[in-house]
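Work through the exercises below with the sequence and the model in view. Each task is followed by its solution.

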Amino acid sequence: MQKPLNDYLLISDIDGTLVDTQKKIPRRNLEAIRRFQELGGRFTIATGRSARSAAQVANLVGVNCPLVTNNGTILYDMEKGQVVRQRFLPDSFPDIIRRVAADFPHIGIQAYLDADIYMVVHNPVVEYQVTVEEIPFIEASPHSLPPKANKLLFGGSHEELTVLRTALETYGLDSMYGLFTEDQYFELLPQGVHKGSGAQVLAGYCGVSSGHVAAVGDYYNDVEMLKSVPLPAVAANAPDEVKQYAVYVACHCDDGAVADVLERLEKWASGEIREFGNRGREQEIS
């Protein structure tokens, strides 16, 4: 039997969006996701986390469309147990790691490949991250790295990483680009790869009309995803610069931002409200 939300998809960020500031999933979100799927809706996650970490969250909330992990470099279908698409950094990525390790010895460094995290340089920021996410890692060094990597993560204070960002520009980023994914994380990704490029694949893969795809996030690495969908939303805790890319501002992540978006989407799909958004998108898709 046709269900009323069969042709709708919501893609959600994890940190600062699906989970609260204590890294817990509000019960309200869990209940709303369950109801949305019972009505035929599609729900999945787009995150900077590794596939292993994302799968832990996905198993708790339930997803029925492939995950976008490692900030768009991997699309993973949990139901089929297979990678739908994968992108890699250029082979020159070890040179960047070695230069950063030499020039910024106090900055933590991780390399991500498939579901694995290679811990290249320890510091409290990257150690806290793997502890909170409860994921294992593989010890590596700047001179013993995996043959390929999907992305690099640098951890430190925002001030340190701002200096690092400037230095990376002088190193020469061949077919790579960098962005802040949280105040204390700066990442290098393959050029042209981001959550938005992953989101664009999902509608067709999941059999959903492109006009019925919504996304919700809270930070700068969500911008391309928000720009790539017709129904972009953000949590209230998002920076103002990120809110400008959304047409709907939900409540704070602590209060169940994903539930807010799903309830809004259901009302819009049923015709109970005329507009999905509660504000205008200030910057159009470029």
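On a 1 Å grid over the protein atoms alone, a pocket is an open set of points where a 1.4 Å probe fits, with protein on both sides within 12 Å along at least five of seven lines, and lining residues have an atom within 4 Å of a point. The model is predicted, so local features need pLDDT of at least 70 and side-chain atom pairs count only at pLDDT 80 or more, while totals for chains, interfaces and linings use all residues. Residues are numbered from 1 along each chain as its sequence is written, and side-chain values use heavy atoms, with hydrogens and water left out.

**Exercise 1.** Find the residues that lie nearest the centre of the largest pocket.

Solution.
- Step 1: the lining has 29 residues, and D15, G16, K23, E182 and Y185 lie nearest the centre.
- Step 2: helix 5 (124–133) is among the elements that each supply at least two lining residues, and its four residues are the largest share.

**Exercise 2.** Find which residues lie closest to the centre of the second largest pocket.

Solution.
- Step 1: 13 residues line this pocket, and K23, R49, L60, V132 and E134 are the closest to its centre.
- Step 2: helix 3 gives the most to this lining, with four residues.

**Exercise 3.** List what V258 touches, leaving out residues up to four places away in sequence.

Solution.
- Step 1: contact means heavy atoms within 4.5 Å.
- Step 2: V258 touches L10, S12, T17, L18, N29, I33, F43 and V216.
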